[in-house]
Amino acid sequence: MRNYIIADNQELTRFALESLLRKDEENMVYRASDRAGLVELLKEHESAVVLLDYTLFDFADEDHLLIVAERFALSEWILISDELTPQFIRRIIYSSHQFSVVFKDGPLQEVREALQTVRSHKRFISQRALETIIRQQYEDDKPDILTATETEIVKAIAQGKTTKEIALERFSSIHTITTHRKNIFRKLGINTAHEVVKYALRAGLIDSSEFYI
């Protein structure tokens, strides 16, 4: 027999999760409507699996959530939400092995897989959550390739301005701007102004309506 606590304030979601869990007649399913009620249920069922929509519950922040999970160290948690920030997902996953993560707008099969994985006392991280963590890690670790001046020159090049025009705007010599261009091309590993435009678009430095090809 396994105890489950549904901690979600959306009626439709509660109904769907409860229907899914009760397919196994040995499962015991409980409902919590707020954090205090959840804690009381965990006092009675310390090894329960908690299915929580964090965004709809009254936890002050992720630290508060982690404290509750640590207090009930035998419990396991499946976070099921519409939207969780990359910072939140990474903090929770890196801080505790008690947490699994799926999204409400993901396929139902992911929820089934999460339940099955947690039943074996392992955690399940959906593909979308993993990609979110990896993307956030990349953004945090990515060095600032270009200086502020070089970034401004990239924008100008992408807008179709010539070296002479950029030099006049920046009160610099043509030689100085030419040197900046060479450094930009070297750092980005590119050879043409067209490639500068593509970099600027990918990096979000300019809007598609601003550039010249």
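This is a predicted model: local features need pLDDT of at least 70, side-chain atom pairs count only at pLDDT 80 or more; totals for chains, interfaces and linings use all residues.
Let me start with Leu 38, which, leaving aside residues up to four places away in sequence, touches Ile 5, Ala 7, Ala 32, Val 50, Phe 57, Phe 59 and Trp 77. Leu 38 belongs to the largest nonpolar core, a set of 31 residues, and is listed there with Leu 42, Leu 52, Leu 65 and Trp 77 as having the most contacts inside that core. The elements that give two or more residues to this core include strand 1 (3-7), helix 2 (35-44), strand 3 (49-52) and helix 6 (127-141). There is also a second, separate core of 18 residues, which includes Ile 166, Val 197, Tyr 199 and Ala 200.

Turning now to the second largest pocket, its volume is about 240 Å³, and among the residues that line it are Leu 12, Ala 16, Ile 80, Phe 103, Lys 104 and Val 111. By class, the lining is made up of 9 nonpolar, 2 polar and 1 charged residues.

Finally, consider Ser 126, which is found in the loop between helix 5 and helix 6. Is Ser 126 buried or exposed? Its relative accessible area is 0%, and because buried means under 20%, Ser 126 counts as buried. Not counting residues up to four places away in sequence, Ser 126 touches Val 101, Val 102, Phe 103 and Glu 110.

Notes
Residues are numbered from 1 along each chain as its sequence is written. Side-chain values use heavy atoms; hydrogens and water are left out. On a 1 Å grid over the protein atoms alone, a cavity is a set of points where a 1.4 Å probe fits but cannot get out, and a pocket is an open set with protein on both sides within 12 Å along at least five of seven lines; lining residues have an atom within 4 Å of a point. Grid points are joined across faces, edges and corners, and a volume is the space filled by probe spheres set on the points. Ala, Val, Leu, Ile, Met, Phe, Trp, Tyr, Cys and Pro count as nonpolar, Asp, Glu, Lys and Arg as charged, and the others, Gly among them, as polar. A nonpolar core is a set of buried Ala, Val, Leu, Ile, Met, Phe, Trp, Tyr and Cys residues joined through side-chain atoms within 4.5 Å. Buried means under 20% relative accessible area, exposed over 50%, partly exposed in between (1.4 Å probe, protein chains only). Helices (H or I, at least four residues) and strands (E, at least two) are DSSP runs, numbered from the N terminus. Contact means heavy atoms within 4.5 Å.
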